[in-house]
Amino acid sequence: MQLRRLTLATALAGGTAIFATFALAAGDAQRGALIAKRWCASCHVVAPDQTSASADAPSFSDIARRRTDKKKLGHFLMDPHPPMPDMHLSRKEIDDIVSYIRSLDPRPQPPAEPDGKDKDLPKNG
Ligand code: HEC
């Protein structure tokens, strides 16, 4: 009985550690979603549950379908052109938002970029 309790405690502790690691790894897109809801949602539809935004700004899922290159998307956000305002985002915020936007693309993702940056990502997910 005592052994079982110990095992359970170990399993719980282990589970927490795994969860913490997962939350960190997946945190970028989640942070991006928060930033998008706070700073972009007044003009863009940034999430499927958002119902209204400016008619001039494309929805983030539309952007995800058209802009498949993370680098180019990041470059646009570093130096956006009118009518899209310059939001003065940090490098980290841009990375988070780019991950979030790319996560909205329902299609299978293209193979990893030649620079190998994405080589640790699972191939089918
Ligand atoms: C004041 C309104 C406004 C806000 C706020 C805004 N945008 Fe935009 N954004 C626009 C408009 C309008 C366009 C369309 C520009 C065009 O058609 O050339 C645009 C275009 C874009 C594009 C390019 C879309 C394409 O067609 O390829 C991206 C990416 C983008 N916005 C991301 C963001 C992000 C990320 C944020 C928040 C950090 C944000 N925008 C906040 C108005 C806004």
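**Ligand shell and helix packing in a predicted model**

Helix H3 contributes the most to the shell around the ligand, giving 3 residues. The structure is a predicted model. In total, 22 residues surround the ligand. Cys40, Cys43, Asp56, Ala57 and Met84 are the closest of these. By class, the shell around the ligand holds 16 nonpolar residues, 3 polar residues and 3 charged residues.

H3 also packs against another helix. Its partner is H4, which spans residues 91-103. Two packed helices are described by the angle between their axes and the distance between the axes. For H3 and H4 the angle is about 130 degrees, and the axes lie 10 Å apart. H3 is therefore oblique to H4. The crossing of H3 past H4 is right-handed. On the H3 side, the contact is made by Lys70, Leu73, Gly74, Leu77 and Met78. On the H4 side, Ile94, Ile97, Val98, Ile101 and Arg102 take part. Sorted by class, the residues in the contact of H3 with H4 are 7 nonpolar, 1 polar and 2 charged.

One is a cis peptide bond, which joins Pro82 and Pro83. Its omega is about 5 degrees. Pro83 lies in the loop between H3 and H4. The other feature concerns His88. This residue has a positive phi of about 50 degrees, although His88 is not a glycine. His88 too is placed in the loop between H3 and H4.

The mean pLDDT of the chain is 81. Of the residues in the chain, 66% reach a pLDDT of 70 or more. H2 has the highest confidence, at a mean of 96. H1 has the lowest, at a mean of 66. Over residues 18-27, the pLDDT falls below 50. Where pLDDT is low, the predicted coordinates should not be read in detail.

How values were computed
Residues are numbered from 1 along each chain as its sequence is written. This is a predicted model: local features need pLDDT of at least 70, side-chain atom pairs count only at pLDDT 80 or more; totals for chains, interfaces and linings use all residues. A residue is near a molecule or strand if its C-beta atom, placed from the backbone, lies within 6 Å of it. Helices (H or I, at least four residues) and strands (E, at least two) are DSSP runs, numbered from the N terminus. Ala, Val, Leu, Ile, Met, Phe, Trp, Tyr, Cys and Pro count as nonpolar, Asp, Glu, Lys and Arg as charged, and the others, Gly among them, as polar. Axes are lines fitted to C-alpha atoms, for helices over the stretch in contact, and angles run from 0 to 180 degrees between N-to-C directions. Angles under 35 degrees count as roughly parallel, over 145 as roughly antiparallel, 65 to 115 as roughly perpendicular and the rest as oblique. A crossing is left-handed if the near helix is turned anticlockwise from the far one by less than a right angle, and right-handed if clockwise. Two residues are in contact if their C-beta atoms, placed from the backbone, lie within 7 Å. pLDDT is the predictor's confidence in each residue, from 0 to 100.
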